[in-house]
Amino acid sequence: MSSHTIGIIGSGIAGCSMAYQVGTQSEEPAEIVVLERAPEMGGRIKLLSVGGHSVNAGGKYIHSSNEQLLGLANTLGLKLSRPIKPEQGPSGIWNGHRFVIRTDGSAWQTNVSLFRRYGLSILRIHRVTQAFLCRFRRAYRPPVSTTGFETPTDLLHAIGLDHLLWIPGDEYLRNEGISDRAIDEFVSAITRNFYAQNPSEIHAFACLVALVGGGTVGSVYTVEGGTIQFCQRLLERSNATVKTDTEIRSIEADGSTVSVATDTEDFEFDVLCIAAPLESADISIGRSLRGV
């Protein structure tokens, strides 16, 4: 049986997951090549050394609702743990000018301080986020989980969340009865941590994802040894060839093959998958591929 050559541009979690699926699920043999322009694989997921300590940068947490990643972590033999929290220590909310809330770090005092400043808005944030999470979990259940979707918008439409893509996060929360103070301080602190953006600058879906990941509902876990192990083990299981420090110059279609020219060598693939943001890449795409 002849082997297919599969090219994947990008070695972030999307590219590594794609390589894993092809390498382990394909019924036909495939030669997989992953092309990455950075010196190391992982995309936005990195493990940095700061002051002699290893620090996760990007993709730090896995939420308890993310059934796919939790199941994949178990399959790959990764160990998960709850983030280490100091038993006692000061914490607070910074609004860009001053601390609007300061606590000693205890859950009881933090909850009291939040309720005093934001009132029922804190309870409404929890209610809205919980309702969002319940609907989002439909993505892990048949028939949605067994259906292929051409775009993320199609998937969100199937679970009744696509309307969140067309309204800013702050406007959506305001319509749910959440005060401007809670949005500008509490919610903004979380979205800036996740996206370096305020709720007014992102759509409601991204805003609610940040609130879920920020721990307003459910639990969060970390990967012992760093989240980068997801990418490393996915690629190991896929038996893919990974080429880092490889800048893509152009992509051209020629009959049944796709030609990829890089700054070091040229490749020909039967199938090419792009798992990287094209808007930030200086890649020339042939006319036959434009609009595909």
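**The largest nonpolar core**

Begin in this predicted model by selecting Y118, L164, Y172, L173, F186 and L208, the residues with the most contacts inside the largest nonpolar core, which has 36 residues. Next, colour the elements that give two or more residues to this core: β8 (99–103), α3 (107–118), α4 (120–136), α6 (169–175), α7 (180–195) and α8 (204–213). The largest share, eight residues, comes from α8.

Now centre the view on Y118. Beyond its neighbours within four places in sequence, Y118 is in contact with I93, V100, I101, R181, A182, E185 and F186. Apart from this core lies another, of 22 residues; I32, L78, A240 and C273 are among them.

**Helix α3**

Which residues of α3 are buried? They include S113, L114 and Y118. These residues lie on the same side of α3, because they cover an arc of only 105° around the axis. An α-helix has 3.6 residues a turn, so residues three or four places apart point the same way.

Then step to G119, which follows α3 and has a positive phi, near 60°.

**The parallel sheet**

Select the open sheet of four strands in the order β10-β2-β1-β14, in which the pairing is parallel. At its edges stand β10 (241–243) and β14 (271–274); each has a single partner strand, so one side of each is left without a neighbour in the sheet. On average, neighbouring strands of this sheet are turned by 20° against each other, direction ignored.

Zoom in on β1 (residues 4–9), which pairs with β14 in the parallel sense over four bridges. I9 has I274 as its bridge partner in β14. Helix α1 (residues 13–25) packs on the sheet and touches β1, β2 (30–35) and β14; its direction makes about 175° with that of β2.

**The mixed sheet**

Finally, select the open sheet of four strands ordered β13-β12-β11-β15, with mixed pairing. Its edge strands, β13 (266–269) and β15 (284–285), each pair on one side only. Strand β12 (residues 257–262) runs antiparallel to β13, and four bridges join them. To end the tour, pick V260, whose bridge partner in β13 is F267.

Conventions
Residues numbered from 1 in each chain as written. Predicted model: local features only at pLDDT ≥ 70, side-chain atom pairs only at ≥ 80, totals over all residues. Heavy atoms only, no water. Pairing = 2+ DSSP bridges. Core = buried A, V, L, I, M, F, W, Y, C linked by side-chain atoms within 4.5 Å. Buried < 20%, exposed > 50% of the residue type's maximum accessible area, 1.4 Å probe, protein only. Contact = heavy atoms within 4.5 Å. Arc of directions from axis to C-beta. Axes fitted to C-alpha atoms, helices over the stretch in contact; angles between N-to-C directions.
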